[in-house]
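The sequence and structure come first.

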Amino acid sequence: MAGQKMLKFTQIGREMPEKRPPNLRKEDFSEIYAEYALEKAEEQAARCSQCGVPYCQSHCPLHNNIPDWLRLTAEGRLQEAYEVSQATNTFPEICGRICPQDRLCEGNCVIEQSGHGTVTIGSVEKFITDTAFEEGWVKPIRPSMERSESVGIIGAGPGGLAAADMLRRQGVQVTVYDRYDRGGGLLTYGIPGFKLEKDVVMQRMAQLEDGGVQFVLNCDVGEDLSFDAIRGKHDAVLIATGVYKTRDLPNSHAEGIVSAIDYLTASNRKSFGDDVPEFESGELNAEGKRVVVIGGGDTAMDCVRTAIRQGATSVKCLYRRDKANMPGSQREVQNAEEEGVEFVWLSAPDGFEGDAVTGVKVQKMRLGAPDATGRQTPEVIEGADYVEEADLVIKALGFEPEDLPQLWGVEGLEVTRWGTIKAEFTTGKTSLEGVYAAGDIVRGASLVVWAIRDGRDCAEAILEYLGQAETVAAE
Ligand SMILES: Cc1cc2nc3c(=O)[nH]c(=O)nc-3n(C[C@H](O)[C@H](O)[C@H](O)COP(=O)(O)OP(=O)(O)OC[C@H]3O[C@@H](n4cnc5c(N)ncnc54)[C@H](O)[C@@H]3O)c2cc1C
Ligand code: SF4
């Protein structure tokens, strides 16, 4: 009986996989959580109450069938759990690691609301798929029929790759173009290894390549190859280029002031063993420096924790609101605090000192009246300014879309007033015939799981657009 295995939340407490102690994890870029042992995964999955209205599922952007794969895990039917899990999620092992579960599935778990501590959904999801890879249950991409139509995908981030996977499984000829030398987008060059080890991403790249997806890397569309050329070559095109324009601060270009994406990319490249001159020269290396990171989102959290691992002498994070009002995940703040990051709440930059930076001029803030969105607006406390000493300042204030129609010289590609591509909800159709868009370039800076959802939705819409055109038998 399923019921006997489940509903264990009153007897068994919530337990995350073991977290490495801060003094050890500070020494490397490996993930901080260990894998569950099989018994622990089964035990934790058995805490699910199998409630009739699974809010976890409705709050997962992919509507993963969470109660079913938790039940199968609790019953020791791991391969079936994997089959159910992968049916709705192209990269469950990645989402299990880096979704902000506290805001999505786990944040809406019914037993959490009854005070028992949420089911550790993300960790079980990761465990199931990691086990599936180890056991050889992850099937290679082998379409039963080859189709003659081809789709060009611009951007090898999670949005583009999720679409590539679905299209290729249907036998479509898929070419993915990316300006970087490796695929994965922010999974590879943005998110640090202590949240998502690089092998996990490269394993998916290898699966896609092995399945016949063509990658054209080091190809900056708009520079090396025009958008029109790609459109002319393929029956449909998907734009999944993400958002990379860094929000900036006035007069913030002195030596020693760098952008988060440059800093994190250099660090991730080092993890691959690449030569990174800006790292070797010290420009993008925090070792031996007093580091100040400006911003309160997940990118800022990744920067502070990277700086700790690079051997900074001190790492401070300036944020203009307080802890309760920061956009970053509370779990990541806690991890950062454990690793020795100091948060300087209610503090905003008001300029910098030194030709080569020596400090950040800081204004102290208080939270005033709520704005139209109900969020309290930070106000300056007059006369409380001070200078925070720094040798390296990292700007992590968020990202905006580049002006693609202008960059690529494309007429008729409509964008919103925020500069994101205007795309139809659920299909990703843009204003151009046969052109679709997915991920951050449509939503603005968002989440991996939403990019996957968009990529899958676009793939479905593209398949419908291509219709039942001629198919040729696979060899
Ligand atoms: C530091 C950081 C940490 C994050 N942490 C998390 C997290 O923990 N959890 C989470 O869910 N989300 C996180 N995010 C957000 C998440 O990474 C993004 O929402 C997600 O990667 C968006 O996917 P995408 O496919 O739309 O774009 P991207 O991942 O940005 O991929 C876009 C790809 O397009 C390529 N490209 C762009 N322009 C061109 C061009 N002209 N020609 C060719 N190629 C081009 C880029 O090189 C890139 O490879 C984080 C983001 C950052 C910056
Ligand atoms: S994909 Fe993300 S939100 Fe959905 S179940 Fe997995 S961890 Fe939760």
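The span of residues 25–136 is 53% helix and 0% strand, and its end C-alpha atoms lie 30 Å apart; helices (H or I, at least four residues) and strands (E, at least two) are DSSP runs, numbered from the N terminus. This is a predicted model, in which local features need pLDDT of at least 70 and side-chain atom pairs count only at pLDDT 80 or more, while totals for chains, interfaces and linings use all residues. Residues are numbered from 1 along each chain as its sequence is written, and side-chain values use heavy atoms, with hydrogens and water left out.

With a salt bridge taken as a side-chain nitrogen of Lys or Arg within 4 Å of a carboxyl oxygen of Asp or Glu, the count comes to 39 salt bridges. Three of these pairs are listed here.

| Salt bridge | Closest N and O atoms |
|---|---|
| Asp130 – Arg97 | 3.0 Å |
| Glu280 – Lys270 | 2.8 Å |
| Arg453 – Asp457 | 3.1 Å |

Asp130 lies in helix H9 (residues 121–135) and Arg97 in helix H7 (residues 92–98), so this pair ties together parts that are 33 residues apart in sequence. Both Asp130 and Arg97 are buried, where buried means under 20% relative accessible area, exposed over 50%, and partly exposed in between (1.4 Å probe, protein chains only). Glu280, by its relative accessible area of 47%, is partly exposed, and Lys270 is partly exposed at 29%. Arg453 and Asp457 stand four residues apart in helix H20 (residues 448–466), and are therefore separated by about one helical turn.

Technical notes:
Chains lettered and ligands numbered in written order.
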